[in-house]
Amino acid sequence: MKSVTIKDVAKAAGVSYSTVSRALTGSPEISEETRERILQICREMNYTTNTVARSMVMKSTKLLGLILTSVNNPFMSELAYYIDRQARERGYNIILCNSSRDAEQERELFELMMGRQVDGILIFPSGMDSYNKLRAYLSRVPTVFIGENLREAPESYVSVDNYRGAQIGVEYLYSLGHRNILYFGRRRGSTTHQLRAEGYADACRRLGLTPQYCNNTFSSSSIKYGYQMAKQLFSQKRNYSAIFAATDTNALGIMQAAEEIGLKIPEELSLLGFDNIHDSGLPRIELSTVEQPKKMLAAVAVDTLIDKIQNELTGYSHRILSPTLIERSSCARVK
């Protein structure tokens, strides 16, 4: 089937090629009545804009690349939703890719995004070395890292204060009378998880508590992995009254394992998560958690990137957002 061109629309509307172009770009040089008539003809003829040709003229594709580590992770999928909404409000569309926490795949996707001429890239890094491995590309396309604290790296990033968030969690459980708090899901290879574990340990020491850990030997956090680790943990003697899970997905896995052995939450064990994913607030779950402000995280990341694009900024910014405690019904005061 022959595709409809802008010249076909101009002929049907009885106007010039340039008038159709002005209608499509929202130019004030034509009347609103003429614009609406032309746009109606475009719809009737099923005309679609040649975005490649337009981007060559405008020197902008109005596309942002988004690279996540795991699209099926509930936190990631919710973050992607808010990023897409914020980008659309700013007049941009998103191309979403999944790196699967693979550094080489992440690099290939970054090259793919540049090949597609995206105006900028948002990336949730696959690991602590992502910045160094992508450094050669960063001067060629505006980039903002999300979620991972790059410390003093000279590149823009937006993250949540994971260290303080873990401290908030320990202080909350301590206020409920818990003096034996297990940190569940400590994981290597991630600055985010490193900061959460450090915040937990420092808060314990400040409050006179002894840190206890159940380490995550898997490459990521999930309900499945949380369940498997919890089953092994619950087969041993319990010397803790509360568990502070490194992620909500881990906490949901703990809930599943606890239900199988008849361990009641919060009557026999208090459980606190981190992230505040959507499922955490569902009935029968009601997980207390430390919230990452996903909507704000997305808005700041998108706005930072678009400001870099539109203002051709060469500098960088480091934004650390504050987490908050969400109290539900999975934690109880020690009697």
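Ala 203 touches Gln 167 and Val 170, leaving out residues up to four places away in sequence, where contact means heavy atoms within 4.5 Å. That is a handy way into this predicted model, in which local features need pLDDT of at least 70, side-chain atom pairs count only at pLDDT 80 or more, and totals for chains, interfaces and linings use all residues. Residues are numbered from 1 along each chain as its sequence is written, and side-chain values use heavy atoms, with hydrogens and water left out.

- Ala 203 lies in helix α9 (residues 191-206); helices (H or I, at least four residues) and strands (E, at least two) are DSSP runs, numbered from the N terminus.
- Ala 203 is buried, with a relative accessible area of 0%; buried means under 20% relative accessible area, exposed over 50%, and partly exposed in between (1.4 Å probe, protein chains only).
- Helix α8 covers residues 162-175, 14 residues in total, and reaches 20 Å from its first C-alpha to its last, close to the 20 Å expected at 1.5 Å a residue; the expected span is 1.5 Å times one less than the number of residues.
- Both contact partners of Ala 203, Gln 167 and Val 170, are among the buried residues of α8, which also include Asn 162, Gly 165, Tyr 172 and Leu 173.
- Just after α8, Gly 177 takes a positive phi of about 100°.

**The whole protein**

- The protein has twelve helices and twelve strands, and its C-alpha trace spans about 80 × 40 × 35 Å along the principal axes.
- Of its 335 residues, 49% count as buried.
- Among contacts between residues at least 6 apart in sequence, 70% join residues at least 24 apart.
- The accessible surface comes to about 16800 Å², and 48% of this belongs to carbon and sulfur atoms; the areas come from the Shrake-Rupley method with a 1.4 Å probe, and for residues only the protein chains shown count as cover.
- There are 41 positive and 36 negative side chains, and the centres of the two sets lie 2 Å apart. Lys and Arg count as positive and Asp and Glu as negative, with His and the chain ends not counted; each charge is placed at NZ of Lys, CZ of Arg, CG of Asp or CD of Glu.

- Leaving aside neighbours within four places in sequence, Ile 83 is in contact with Leu 66, Ile 94, Leu 122, Ile 146, Ala 298 and Val 302.
- Two of those partners, Ala 298 and Val 302, are among the buried residues of α12.
- Twelve of the 17 residues of α12 are buried, so the helix is largely enclosed by the rest of the structure.
- End to end, α12 reaches 24 Å between its first and last C-alpha, close to the 24 Å expected at 1.5 Å a residue.
- Glu 312 follows α12 and has a positive phi, near 50°.

**Backbone points to look at**

- As background, most residues other than glycine have a negative phi, and most peptide bonds are trans.
- The peptide bond from Ile 265 to Pro 266 is cis, with omega near 10°, and Pro 266 is found in the loop between α11 (248-260) and β9.
- Arg 101 has a positive phi of about 60° although it is not a glycine; Arg 101 lies in the loop between β2 (93-98) and α6 (103-115) and counts as partly exposed at 27% relative accessibility.
- Arg 284 also has a positive phi, near 75°, and sits in the loop between β9 (270-275) and β10 (288-291).
- At 80% relative accessibility, Arg 284 counts as exposed.
- The C-alpha atoms of Arg 284 and Met 114 are separated by 45 Å, and the two residues are 170 apart along the chain.
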